[in-house]
Amino acid sequence: MNNRSRIQILYFLMAIILFAVGIFQSWNVALTIFNLCLISSIMTLGINVQWGNAGIVNFGVMGFAALGGLANIIISMPPTSNAWETGGSFIVIGLMIFVLSIIFSVFMFKRVNFNKRIKYLISFLIIFVGYFIMRLMVDSSIEQIEAIEPAKTGYLGGFNLPVIISWPVGGLLAAFAAFIIGKISLGLRSDYLAIATLGISEIIIYILKNEDWLSRGVKNVNGLPRPVPYEIELQSTEWVLETANILKIPLPEVSSIIVKLSYSVLFLLVLLVILYLLQIAVKSPWGRMMRAIRDNEVSANAMGKDIKKRHLQVFIIGSAIVGIAGAMLTTLDGQFTPVSYQPLRYTFLIWIMVIVGGSGNNFGSIIGAFLIWFFWIQSEPLGLWLLSFITSHISDTNLIKSHLLENAAHIRLMFMGIILLVTLRFAPKGLIPEVKR
Amino acid sequence: MDFLNGITLISNYMLIPGLTYGSQLALGALGITIVYSVLRFSNFAHGEFMSFGAMSSILLCWLFQSLEINLNSLPTAIIVLPFAIIITIFYCILVDKIIFKFYRRQNSKSVINLIVSIGVMFFTGGLIRFIIGPGDKNFFDGERFILKAKTFKNFTGLSEGLALKTTQGITIVLSIILVVLLFWFLNKTKTGKSMRAYSDNKELALLSGINPEKVVLITWIITGTLACVAGTLYGLDKSYKPFTYLHLVLPIFSAAIVGGVGNPIGAIIGGFVIAFSELILTFAYKKIFFYFLPNYLVPDGLLQILSTDYKIAISFIILVLVLLIRPTGIYKGKII
C-alpha cells in the first residue's frame, strides 16, 4: 500500500471514529477530543521536524509547552495595580544583572587566556556575585508583589492584550528558550541530549511553580480571556436561539458546541499554516540538507554543512512550534496550572504520537496525534468495559473484581506502553512511513 | 559547647539525611550505569523497576504481616526483601526476553533502545498502578528510631538533638553491604571479570569465548537486585507512591552522569554529590552561624542559598553544569 492511500484510509477512519463518538456519546465530547487532537498534532509536528528530519532527540516538550502557556499570562492578563510600582522594575533590573553576570563570565571564559581551573573559578565567582546582587535587589520586591491581594493577584500580571497574540509570543518565548538550551546541550549526542532536555524542562516547570510573582505558582492563574465569545453571551444571541429551535437541541449544548467549533476553526487554521510551511521546508533543499545531516553527519560535514548551526536552527523551529501549541492549549483551558505539566502527559505521550504516526512524515505525525490522543481519552472507559467483560462471571462481592474495576483507569498507561512497543517491533517506521525520495 | 552543638546540628540535618538519600540515589545510579555499560542504552524504565521492586516488597510485607511473621523491632520489609528481589529479577529478565532481546539482536541504535525503554516504563508504570493502586502506601513497621533526639540530648547534655531513624540506619547499612558485594563480584569472580570484559570491548570478549547471553542475564540479575533494594529502601524511608518513582529517574540519571556513565564508583560518588548538594544549597544556615560566630555577627534572615522548593531542581542544574563543563563526568566514563 503506498503512502497516499494509507493517508486517505487512516484519515477517513479517524473521521469516522470521531463522528461515531459524536453520534453515540455526544458532540460536545467529540469536539473536545478533536480540539485536543489538533493541539497535540501541532506539538507532534514540532517534534517531528526535530526527530524525523534532523534526528534530534528533544525530551523538553513539557517545558516549551509550559512557556507557551506562560505567554498567555504575560500577554492577556490585566496588569496588577501597583505591582510594577512596588517592585516590578527592581525584579527586571535584578534579573538583568544576573543575566549580564552570566554573559560576562562566558565572555571572559572564552576570551581570556589563563589556566583552565582559574578560569572556571573566576567565572563561577562572577556568576555567584551576580546571583547575590540579584537576590539583594529582588527578594524584598518579590515579597511586596506577592503581598498584593495574594488570594486574587499577588503577581505582576500581563499587558492586557488580546489573547490570540499570545500564540506567536508563546512560540517566540519557546524559541528563545530553545536557543539557550540548544547552545548548552546540542553538542551532546542522543542519550545525553534526551536526559539534558528532560532535566531542563523540569527546571522550567520548577521555576513556573515557585516564582509566584511571575505565574502565581501553584495558586494558578484563572480566568484567562478568550478569543471566542462566552457561552452565556451566545445564549442570549438571536441566531443561536433560532438554531437551537430548529435543531431541537437544548440551548446550553448548542452554545457550548458553537464555542468549541470556533476554537476548532482557529486551531485548524494554525495547524494548516504550520503544516503547509513544514511541507515546503521538507521538500526544499533545506529539508534535503537536514536529512543528509541526520543520515550521515560526517559526510554532510565534509560537504561543508555547518552541523551545529543547522541543528540549533531546527531545534529552535521545532521548539517554537511546540510553544505555539502550548499557548493554544492554555487558551483552550482558560487557566494556567503549572502543576498539571507532567512529563508523562506532555513529553512522553507526544513522543509516542510521533513514533506511532511515523517519524519523518508530517501527515503521519498528525494521524499519530489524533489516534493516540483518542485512545488516551477513551482507554479509560474502554479499560473499564474490558475488565467488566472479563470479570462478568465473577460475583460482584468478589474482592479481586472490585479491585480490578477500581484500578481500571490505570490500564491506559499499559495500553500506551503496549502500543509503543508493538509499533517499534512490527512497524518501526510508523503508520505512515517517511517518503522515500 | 557551642562547637559541639553546631556539629550535632550539621550531622542531624545534613550528614545523616545526605547519607541516606545519597545511598538510595547511588544504588539507583549503579543500576542505570551497569545497564548502560553492558547493554549500551539509557534505561528510562529503571525508576519503574525500582517501583516494581518496592511494590513486591509491600505485597509480601502485607502477606507476612497477616501471617504474623515479623522481626519485632526491625521492619518486616527486611525479611521479605530477598523474595521481592527474586520477583523483580524475574520481571526484569522477562522484559528483556520479550522486548530488549529483539533490539539487541538487530544491533539497534541506542536511541531506539531508549525509546523502547520508555515503552517499558509506560507499561510497567501502568501495571504497578493497576496492581497496587496509585495511592500512598506506608509499609513501615517496628521501632521508628534507633536513636531518639531526646535520648541523645539527655545522654550528652547538648541542646541540639541527634536522631537516627531505623529506615536511615537500614538504608546506609544495606547499601554498604550491597556495594561491597557488587565490587567483590565485579573484580574478583570470573563471571564478574567476563562482564567487565564484555562491557569494555564486545567483539574481543566474544572472540575470547564469553557467552553474551550469560553476561546479559547476569546484568539483569544485578540490575533487578539493585532496583528492588533501592526502590524498597526509598519507599520505606519516604512512604511508597507509584508516581514518585518517575520523578526519581532524573536525579538518578544525574547521579550516574555526574559520576561518569558506565563507571560504578562514579555512580556512587555521583549519588552522594547530588544528595549533599541538594542539602547544602537549600539548608538554612542561620542556626549554624548562631553556634559558630559571635552573636553580634549573626545576620538576619534564613541564609538559604536556594529556597527549599528548588530541592529537586538542583539535581537537574548540576546535571546541566556537568554536561557543560565535563560531559564525561567526575570519573571519566563513556561519552555517548
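In the predicted model, Ile352(A) touches Ile372(A), Met416(A), Ile419(A) and Leu420(A), with residues up to four places away in sequence left out of the count; two residues are taken to be in contact if their C-beta atoms, placed from the backbone, lie within 7 Å. Ile352(A) is also, together with Ile42(A), Ala65(A), Ala325(A) and Leu420(A), one of the residues that touch the most other members of the largest nonpolar core, which has 201 residues. Such a core is a set of buried Ala, Val, Leu, Ile, Met, Phe, Trp, Tyr and Cys residues joined through C-beta atoms within 7 Å. A residue is buried if 20 or more other C-beta atoms, placed from the backbone, lie within 10 Å of its own, exposed if 12 or fewer do, and partly exposed in between. Helix H2 (residues 27-54) of chain A gives the most to this core, with 15 residues. Another core, of 10 residues, lies apart from it and includes Ile91(A), Met137(A), Val138(A) and Tyr155(A).

Residues are numbered from 1 along each chain as its sequence is written, and chains are lettered from A and ligands numbered from 1 in the order in which they are written. As the model is a predicted one, local features need pLDDT of at least 70 and side-chain atom pairs count only at pLDDT 80 or more, whereas totals for chains, interfaces and linings use all residues.

Chain A contains 18 helices and 0 strands; helices (H or I, at least four residues) and strands (E, at least two) are DSSP runs numbered from the N terminus. The radius of gyration of chain A is 24 Å, close to the 22 Å given by the globule rule for 437 residues, so chain A is as compact as a globular protein of that length. This radius is taken over C-alpha atoms, and the rule is 2.2 Å times the number of residues to the power 0.38. Of the 437 residues of chain A, 44% count as buried.

Helix H3 (residues 61-76) and helix H7 (residues 190-210) of chain A pack at an angle of about 30 degrees, with their axes 8 Å apart. Axes are lines fitted to C-alpha atoms, for helices over the stretch in contact, and angles run from 0 to 180 degrees between N-to-C directions. H3(A) and H7(A) are therefore roughly parallel to each other, a class that holds angles under 35 degrees, against over 145 for roughly antiparallel, 65 to 115 for roughly perpendicular and the rest for oblique. Met62(A), Gly63(A), Ala66(A), Leu67(A) and Leu70(A) of H3(A) make the contact with Ile200(A), Ser201(A), Ile204(A), Ile205(A) and Leu208(A) of H7(A).

The contact between the chains takes 35 residues from chain A and 37 residues from chain B. On the side of chain B that touches chain A, H4(B) gives the most, with 15 residues.

Trp220(B) is found in helix H9 (residues 212-238) of chain B. Trp220(B) is buried, with 26 other C-beta atoms within 10 Å, and, neighbours within four places in sequence aside, is in contact with Ile89(B), Cys92(B), Ile93(B) and Asp96(B).

Most residues other than glycine have a negative phi. Asn220(A), not a glycine, has a positive phi of about 65 degrees; Asn220(A) lies in the loop between helix H8 (212-215) and helix H9 (231-235) of chain A and is partly exposed, with 13 other C-beta atoms within 10 Å.
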